[in-house]
Every structure is written in structure tokens, then in C-alpha cells.
Amino acid sequence: MGRPLLLLIVVLFIGRITLAQLQTSKFVAQKFSADTVRDKIDKITKELSLKHPGFYRYNSRDDFNKYIDSIKSEVKDSLTELESFLN
């Protein structure tokens, strides 16, 4: 009884890994416009500042906004999801 159960678990696990890799490759290839990437950065920073306790504890709001503006200024062309995290 132990071997068939172990085999079933291994097969299901490998199937999930393969499916996850296929889904990941789809998102890696999709391009987002520069405006979309900048808009996402704005939305994420707004949500973080609203929901994260002590968000501006170590950096002032002005310093943080300058940093985010410098990141957004480097987005010049459309990017994939992976490229947007690497920039």
C-alpha cells in the first residue's frame, strides 16, 4: 500500500511543477507598457504606505518618494514582468 501511494504523490507533485513552469513562462513573455509598469509601481507603493505599520519609520516620505521617482524614471520602454522586477 505504501509504494502506490508514494508513486501517486510523486506523479502529482511532478505534474504540479510542470504546470507551474508553463504558467510562469507565459507571464515572463508578456510585455507591459512603460506607463503600465509605472502605474503598478504607484499602486503598490500606495498600498504599502497605507497598510504597512511604520512604513516611513526609517526613511522619510520625501526620501522614499524621490527613490520611487528615480525608479520610475528608469522605465523607458515596455518590460516583461521579470524585467520589471530586475530594474
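**Figure 1. Overview of the predicted model.** Buried means under 20% relative accessible area, exposed means over 50%, and partly exposed lies in between. The chain shown is a predicted model. The chain contains 4 helices and 2 strands, and from the N terminus on these elements follow the order α-β-α-α-β-α. Of the 87 residues in the chain, 13% are buried. The accessible surface of the chain amounts to about 7,500 Å², and carbon and sulfur atoms account for 62% of this surface. Among contacts between residues at least 6 apart in sequence, 79% join residues at least 24 apart.

**Figure 2. The salt bridge between K43 and D39 in helix α2.** The closest N and O atoms of K43 and D39 are 3.4 Å apart, and the two residues form a salt bridge. Both K43 and D39 belong to helix α2, which covers residues 34-51. They are 4 residues apart, about one turn of the helix. D39 has a relative accessible area of 36%, and because this value lies between 20% and 50%, D39 is classed as partly exposed. This pair is one of 5 salt bridges counted in the model.

**Figure 3. The salt bridge between K72 and D42, joining two helices.** The side chains of K72 and D42 meet in a salt bridge, with an N to O distance of 2.6 Å. This pair links distant parts of the chain: K72 is in helix α3 (residues 61-73) and D42 is in helix α2, 30 residues apart. The two partners fall into separate accessibility classes: K72 is buried, because its relative accessible area of 16% is under 20%, whereas D42, with a relative accessible area of 32%, is partly exposed. Leaving aside residues up to four places away in sequence, K72 touches R38, I41 and D42.

Figure 4. E47 and K51 are joined by a side-chain salt bridge with an N to O distance of 2.9 Å. Both residues are in helix α2, and because they are 4 residues apart there, about one helical turn separates them. E47, at 39% relative accessibility, counts as partly exposed. K51 counts as exposed because its relative accessibility of 65% is over 50%. Side chains of opposite charge can pair when their charged atoms come close.

**Figure 5. The largest nonpolar core.** This core has 8 residues: A34, V37, I41, F55, F64, I68, V75 and L79. Helices α2 and α3 each supply at least two residues of the core. Helix α2 gives the most, with 3 residues. In soluble globular proteins, nonpolar side chains tend to be buried together.

Figure 6. A34 is one of the residues of the largest nonpolar core. Not counting residues up to four places away in sequence, A34 touches V75, K76, D77 and S78. Among these contacts of A34, V75 is also a member of the core.

Conventions: Residues are numbered from 1 along each chain as its sequence is written. This is a predicted model: local features need pLDDT of at least 70, side-chain atom pairs count only at pLDDT 80 or more; totals for chains, interfaces and linings use all residues. Side-chain values use heavy atoms; hydrogens and water are left out. A salt bridge is a side-chain nitrogen of Lys or Arg within 4 Å of a carboxyl oxygen of Asp or Glu. Buried means under 20% relative accessible area, exposed over 50%, partly exposed in between (1.4 Å probe, protein chains only). Contact means heavy atoms within 4.5 Å. Accessible areas come from the Shrake-Rupley method with a 1.4 Å probe; for residues, only the protein chains shown count as cover. A nonpolar core is a set of buried Ala, Val, Leu, Ile, Met, Phe, Trp, Tyr and Cys residues joined through side-chain atoms within 4.5 Å.
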